[in-house]
Amino acid sequence: MKTISLKETSKQLAYKYLYKQFFCISLKHDIRFINMLTYYLGGMLFLTTLVFAASVQAVIVEAMGVPKHEQGRVIGDISFWGEIAIIITSPMWGWVSDIFGRKVVVLIGYFLLFLSLVFYPFGLLPFFDTFDKKMSWFLSLRILLALGVAAVISCMTSVLGDYSSKKHRGLASGTLGTLNAIGAVLAVTVLLRIPATLSSYFSRYVSIHLTFMFAASILIFLVFLSVLFLKDHDLSLDHLEDVEEDIIVKVEEEKEP
């Protein structure tokens with residue numbers, strides 16, 4: 001292997017630590033700070049909207065006029081078919097991401113979530129005047145939401161591996177877990193309290209609808225952010241991690257007297 005001088009190696013390492021770090025997490029050679037920030041922000045806000053969509057279902061079912069002793073069954077039925085959709089389509093989304101890239105699949109997932117949240121509260125309109133009509137609408141939108149969830153979840157782990165170096169993969173994963181938890185807390189402390197706050201000024205339906213619009217706006221923000229800054233990792237550069245390890249070894253050797 002070609003010997004690299006300490007001066008030349010120091011420049012390479014300086015470049016790495018100036019441009020290839022996300023705080024304490026070292027990144028792949030073609031990934032920048034803004035790419036990782038976009039990924040983490042997406043993971044956090046994705047969990048915010050997901051927890052909101054799951055938790056607000058009780059409010060929706062109550063607004064449908066379902067008796068309290070039946071609400072658990074109705075929520076369970078809607079959630080069940082959503083989970084079935086995730087189970088069936090997750091491998092497909094993973095396969096698609098291998099062919100067309102993670103970014104495309106993540107964008108599709110965010111957009112499907114956006115559509116489902118925009119149209120979900122319309123099921124409370126007087127047009128849906130029977131329970132069966134309401135259930136058909138909410139089931140359809142829940143399955144659409146599940147398709148978006150499956151698309152995003154199937155790429156989250158892959159993108160983490162694509163972005164972070166092997167050395168800090170565990171730290172990168174732990175950071176994502178922390179941000180996911182923060183996203184869930186935001187859903188509980190902010191989004192889920194909006195309907196009750198707005199009910200002092202608007203009708204119940206309008207309060208619910210405005211809350212869903214706010215949650216949907218988070219997703220459209222993630223779409224624009226991801227279009228600009230989410231990046232597909234060039235897998236052909238993965239061998240550079242091994243080269244980098246050799247460079248660090250050479251540095252240590254040249255430091256020795």
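**Reading confidence and helix packing**

Modeller: Among the elements of the chain, helix H1 (residues 6-19) has the lowest mean pLDDT, 48, while helix H5 (residues 102-119) has the highest, 95. This is a predicted model, and over the chain the pLDDT averages 83, with 83% of the residues scoring at least 70.

Biologist: Over which residues is the pLDDT below 50?

Modeller: One such stretch is residues 1-8, which has 11 contacts in the model beyond near neighbours in sequence; another is residues 248-253, where the model has 6 contacts beyond four places in sequence.

Biologist: By what are two packed helices described?

Modeller: Two packed helices are described by the angle between their axes and the distance between the axes. Here helix H2 (residues 33-55) packs with helix H9 (residues 204-229) at an angle of about 160°, the axes being 10 Å apart. Since angles over 145 degrees count as roughly antiparallel, that makes H2 roughly antiparallel to H9, and H2 passes H9 in a left-handed crossing.

Biologist: Which residues of H2 and H9 make the contact?

Modeller: On H2 they include Leu41, Gly42, Leu45 and Phe46, and on H9 they include Ala215, Ile218, Leu222 and Leu225. By class, the contact of H2 with H9 has 13 nonpolar, 6 polar and no charged residues.

Biologist: How many salt bridges does a search of the whole structure find?

Modeller: The search finds 5. In one of them, Glu62 pairs with Arg204, with the closest N and O atoms 3.5 Å apart. Because Glu62 lies in helix H3 (residues 57-63) and Arg204 in helix H9, the pair ties together parts that are 142 residues apart in sequence.

Note on methods
Residues numbered from 1 in each chain as written. Predicted model: local features only at pLDDT ≥ 70, side-chain atom pairs only at ≥ 80, totals over all residues. Heavy atoms only, no water. Axes fitted to C-alpha atoms, helices over the stretch in contact; angles between N-to-C directions. Helix = DSSP H or I, 4+ residues; strand = E, 2+ residues; numbered from the N terminus. Parallel < 35°, antiparallel > 145°, perpendicular 65-115°, else oblique. Left-handed = near helix turned anticlockwise from the far one by under 90°. Contact = heavy atoms within 4.5 Å. Nonpolar A, V, L, I, M, F, W, Y, C, P; charged D, E, K, R; others polar. pLDDT = per-residue confidence, 0-100. Salt bridge = Lys/Arg side-chain N within 4 Å of Asp/Glu carboxyl O.
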